[in-house]
Amino acid sequence: MNKPFNDCGVISRYREFLPVSDATPVISLSEGSTPLIHSPKLSAITGGEVYLKYEGLNPTGSFKDRGMTMAISKAAEEGAHTVLCASTGNTSAAAAAYAARAGMKCAVLLPAGRIAGGKMVQAYIYGASVIAIRGNFDDALRLVRELGETGEYAIVNSINPYRIEGQKTAAFEIIEELGDAPDIHILPVGNAGNVTAYWKGYKEFKNLGRSSKLPKMLGVQAAGSAPLYHGAPMENPETVATAIRIGRPASWDGAINAISESGGCFEIVEDSEILAAQKWLASHEGIFAEPASAAPVAALFKCHNQAGKTTRCTTCPFGQTTQGAKVVLTVTGHGLKDPDTAKHAVTEPIETDATAEAVRNALSRLNS
Ligand code: AN7
């Protein structure tokens, strides 16, 4: 039978590397195959060859769609009726969308008052049952684990291994696009599923001879929410990057393993550096990232400025120079997810009469 013309997405593209069979109903929104955008300005600044994997262009606006097509397809195969997740916002948006497409119910547990506006709207518009927990993401995930014990709900957080399987496909795409793995890969780390997934993907393609090397992984956390950087869970994580406001990452071991096996390290960036990087990326490269997704850019600036000057971290990929190195940063989520936080870049617009002269005057005032 001919495939329908829209039969694409990560399961279709990478079926042979994923735990699916003919019995798996593929629930897809054509996620994945996101652009790997060369960044001339970051390359010029660092002396490397820098690329941005723009995962904000997935169907629900974040990388979570890669894992969710797998988790929901497997849940459908297993006959689940209701899926459940805890989320800082992007997982819940993806779960709600893919569950809607599968005809399943979806319940999401969110930290009350700490979800970006766009993500909150997504959960509702896709038809999820939204519960706001008086607590943080870590409390919500604890409740999900507890509620999952009865088998009443299919859990689609990244403690579900199918999520990691789907997300590893981003590493496959990067290798196929560059012709090999990069030298350094930088990404934000919250619950740590994605760093675990990328590392799995890079290793699998290396073992298959599809790449000749493995990248050093640089995991970036917000300074106020940095359990992996400090090596201990945090009770009250706090950051403007609400996506990665997580004190007890579920994939703790996976993250430690990825960083140590790859010879990389964890890095932290201040909220002020995150917001500056968000503005820089949008105004210099035309890419609007949500705050968590700007953290890798902030880390690239920080590490580049410190290269050769610090002895704090002997395994730091920037211990040597980035000259000539191929560097990939994952832009994990779209900036439009969180317009309120981006208001730091917004000033009151100049209002003028509707004449060309008034507009010209206003523009010259703006540019003076
Ligand atoms: C934009 O949606 O945890 O280290 O519940 O939304 O794999 O958790 C989101 C995480 C980075 C961190 N960038 O990835 C959730 C959630 C964005 C994110 C991360 C998240 P992980």
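A polar contact is a pair of N or O atoms within 3.5 Å. In this predicted model, an oxygen atom of the ligand lies 3.2 Å from a polar backbone atom of glycine 193, so the pair falls under that cut-off. Two further pairs of this kind involve asparagine 90, through an N or O atom in its side chain, and glycine 190, through a polar backbone atom.

| Residue | Protein atom | Distance to a ligand oxygen atom |
|---|---|---|
| Asparagine 90 | N or O atom, side chain | 2.7 Å |
| Glycine 190 | polar backbone atom | 2.8 Å |
| Glycine 193 | polar backbone atom | 3.2 Å |

Taken alone, the ligand exposes 470 Å², and the protein buries 99% of that area. The ligand sits in the largest cavity.

The ligand is surrounded by 23 residues. The closest of these are Asn90, Thr91, Asn191, Ala192 and Thr332. By residue type, the shell holds twelve polar, nine nonpolar and two charged residues.

The model also contains a sheet. Four strands form an open sheet in the order E5-E4-E3-E6, and their pairing is parallel. At the edges stand strand E5 (129-133) and strand E6 (154-155). Each of these two has a single partner strand, so one side of each is left without a neighbour in the sheet. In general, strands of a sheet pair through backbone hydrogen bonds, either parallel or antiparallel.

How many bridges join strand E4 to E5? Strand E4 covers residues 105-111 and is joined to E5 by five bridges, with the two strands running parallel. Within this pair, valine 108 stands opposite valine 130 in E5.

Technical notes
Residues are numbered from 1 along each chain as its sequence is written. This is a predicted model: local features need pLDDT of at least 70, side-chain atom pairs count only at pLDDT 80 or more; totals for chains, interfaces and linings use all residues. Side-chain values use heavy atoms; hydrogens and water are left out. A residue is near a molecule or strand if one of its heavy atoms lies within 4 Å of it. A polar contact is a pair of N or O atoms within 3.5 Å; within protein, one must be able to donate a hydrogen and the other to accept it, and residues adjacent in sequence count only if both atoms are side-chain atoms. Accessible areas come from the Shrake-Rupley method with a 1.4 Å probe; for residues, only the protein chains shown count as cover. On a 1 Å grid over the protein atoms alone, a cavity is a set of points where a 1.4 Å probe fits but cannot get out, and a pocket is an open set with protein on both sides within 12 Å along at least five of seven lines; lining residues have an atom within 4 Å of a point. A molecule sits in a cavity or pocket if more than half of its atoms lie within 2 Å of its grid points. Ala, Val, Leu, Ile, Met, Phe, Trp, Tyr, Cys and Pro count as nonpolar, Asp, Glu, Lys and Arg as charged, and the others, Gly among them, as polar. Two strands pair if DSSP finds at least two bridges between them.
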